[in-house]
Amino acid sequence: MFTKLKALRARFIQYKRSGKVHSDLDVLLSGAKEQRQLEDQLQWLVKLMQWIRYEGSVDSHLEKETGRLPVARLRFLLMVLDRNPEWKKNVARILRTVVHEVSGIELYTDTGLPKELGMWSEFSDRLMMKLLPTPPLDHELGYLFWALFPDKDDPLWLASIDNVTFDKLVELFQYEVAAEERDWNRLQSDLEDALVYLVIQVRAIGLSPAIRTRLDKTNFRDSAFFAMMRGHEEFMNAYLAGDRNQAFEKASRFRMIVWECRRELVQVHKHLDEYGVSISLVFQIAKLSTYLQRIDSLLEILLTERLDSRKVTSFFSKLVQENQDLRSIKSLFSQNIALFARKVVERAAETGEHYITRTKEQYRHMLAAAGGGGAVTAITVYVKVGILALGLGGFVEGSLASINYALSFVLIHLAGFTLGTKQPAMTAPALAEKMEDVDTEKGMADLVTEITHLIRSQVASILGNVMFVIPTVILIDTAFFLLVGHNIMSMEKAVSAYKSVDIFGPTVIYAAFTGILLYSSSLIAGWGDNWFALNSLRKTLARSPSLRAIFGKRGARNIAVFLENNISGLLGNISLGILLGMVPEIMKFLSIPLDVRHVTLSSGTLAGALPVLGLDFLKTWDFWRAVIGIFFVGAFNVLVSFGMAFYTAIKARGVNVTERRAIRRAIAKRFFANPLSFFIPVGASIRSSSSGNEH
């Protein structure tokens, strides 16, 4: 048995290597005559292309002249065929047989184009391409195309084929055509059929509800997508009639319709803010854009009276590139999630604008709002202490903690207060929105000013949280002591409280992990806002018969407006509460040593331990280690959540590495010139309060 397995392994290795080993050209060409079956001819053609793409040496003057090795080998092949008419005749026969027998419609309509209607269906289809065996090469030209041009450099050398080489290739296909081969060329008719197929697809997708509702057309018949069929029919009638002038005129009109379809797609992009965006919709938009580009390319080839080498090689080069992209799962996600991420980020940016202070008045307002958030958090701290005192199971304890956090955070949101650590993940997208003009001096200066405002706002919010949560916690404990006669926290819990934020413990790791949870809640907030718009819930709720019956028309409308304005905040705060409460318990269940450390909650917990531990504890090194730990908890909460949100935002907006470096240099320059402005509003306000966002 082991001998058989060893033999199978050796055969598999030999098969894998066979794709990289090239045969001698004279052996390949002399064997062309023996290829009688279509399957054998296709395999022979693949081997010939492997020889052309082989990276071995070639005549130096050919390499220097073309600049691309495969093109040099292709020219050498054509030269050898010219010197051996019998070989040339056999090769030409194989090429004509392949064109005649293998369907070319799929080459134009499927190769390089998405086949499924949705992104997840397309993902499944591409995954199956990688897992399942490749279909027989005679199935369609698209699969043959993949076998002939699998390398990433293939589009480059195809596009560089010169006019002389191209003309010789065309002549090779037509060399000594036998009487029974007169109708060998199906490419022209297949191209015409492909154009019909693509037009039908574009019209169907363009008139789908997801696209149509985002256009400003009162009637779907007014859309350019509806006019696609008529424009195509008028062109084909003139083209098939042989009237070149009329065909060019109709083609111009048809292209105007294609251009108008593209303009309508731009309009759909602009309406995504109002109506929301889904990954499936983004996929459909990308698919339509690709189809329209393919229609334009096919039209260009049809209108060419004599084959133009530049147009044809450019078309096939792009075809190969698209075919390779079509098989890439990474390419599918990078192309379609980019816009989805950008739109979710933009919605988070709208919320984040409310957390940036630009004037002294706004700065004072932020301190007051953060103070209110700290006071509410003090109550949250003691509710959590009460939950822990019950000694419940992990799941129940995590659930109650989640409810406690979620209610607290929602109360802070609805009261207009601020929780400092929620700001970084929300303000990063707002900051990235200012990066569109960083290539100009004014744009860079405005961005650095915005960063200054943002950092100052973060300092104010966290400072306000901590400054108010500590005295409020102590005040609550004092009142409890006067009423009951003992502190709320036990000595055991008090010792555990300061040890939990000891800088020499895993505090920094836990704080960084909490930053990830803060970032995750901001994504949920942006997604929720987008989901609300995508499903038109404001209109649906305002006109809901049930809500109108209970609350009246005005009440239903007020509920719809309230949810529209607060859905992002509600989902973000509720999700953060669930994450902070349940994730530690899940980690314990999985035996993963990860916990959460939130700066405001940790500050309040440490403050609650102080009355129990006494004033002498303030003089100990343990206390100051805990204070330093609190500082780092706040720093890592902010840095990690802001960093991840900022990275997502700049990736969604396509900010390159060079621009990022320039931004860092500009920030450092501003900091060394005026460091105090990063922490408190000094000097004249850069913007008047009327130009800034009110809180």
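This is a predicted model: local features need pLDDT of at least 70, side-chain atom pairs count only at pLDDT 80 or more; totals for chains, interfaces and linings use all residues.

Biologist: What angle do helix 20 and helix 26 pack at?

Modeller: About 150°, and the axes of helix 20 and helix 26 are 7 Å apart. The cut-off for roughly antiparallel is over 145 degrees, so helix 20 and helix 26 get that label. Helix 20 covers residues 394–414, and helix 26 covers residues 545–589.

Biologist: Is the crossing of helix 20 and helix 26 left-handed or right-handed?

Modeller: Right-handed. In the contact of helix 20 with helix 26, you get 14 nonpolar residues, ten polar and two charged.

Biologist: OK, new topic. How much space lies in the largest pocket?

Modeller: About 1300 Å³. There are 44 residues lining the largest pocket, and Phe166, Phe173, Leu187, Val312 and Phe316 are the closest to its centre.

Biologist: Which helix gives the largest share of that lining?

Modeller: Helix 11, residues 163–173, with five residues.

Biologist: And what classes of residue make up the lining?

Modeller: The lining of the largest pocket has 37 nonpolar residues, five polar and two charged.

Biologist: Where are Glu260 and Arg263 in the chain?

Modeller: Both are in helix 15, residues 244–275. Glu260 and Arg263 are three residues apart there, so about one helical turn separates them.

How values were computed
Residues are numbered from 1 along each chain as its sequence is written. Side-chain values use heavy atoms; hydrogens and water are left out. Axes are lines fitted to C-alpha atoms, for helices over the stretch in contact, and angles run from 0 to 180 degrees between N-to-C directions. Helices (H or I, at least four residues) and strands (E, at least two) are DSSP runs, numbered from the N terminus. Angles under 35 degrees count as roughly parallel, over 145 as roughly antiparallel, 65 to 115 as roughly perpendicular and the rest as oblique. A crossing is left-handed if the near helix is turned anticlockwise from the far one by less than a right angle, and right-handed if clockwise. Ala, Val, Leu, Ile, Met, Phe, Trp, Tyr, Cys and Pro count as nonpolar, Asp, Glu, Lys and Arg as charged, and the others, Gly among them, as polar. On a 1 Å grid over the protein atoms alone, a cavity is a set of points where a 1.4 Å probe fits but cannot get out, and a pocket is an open set with protein on both sides within 12 Å along at least five of seven lines; lining residues have an atom within 4 Å of a point. Grid points are joined across faces, edges and corners, and a volume is the space filled by probe spheres set on the points.
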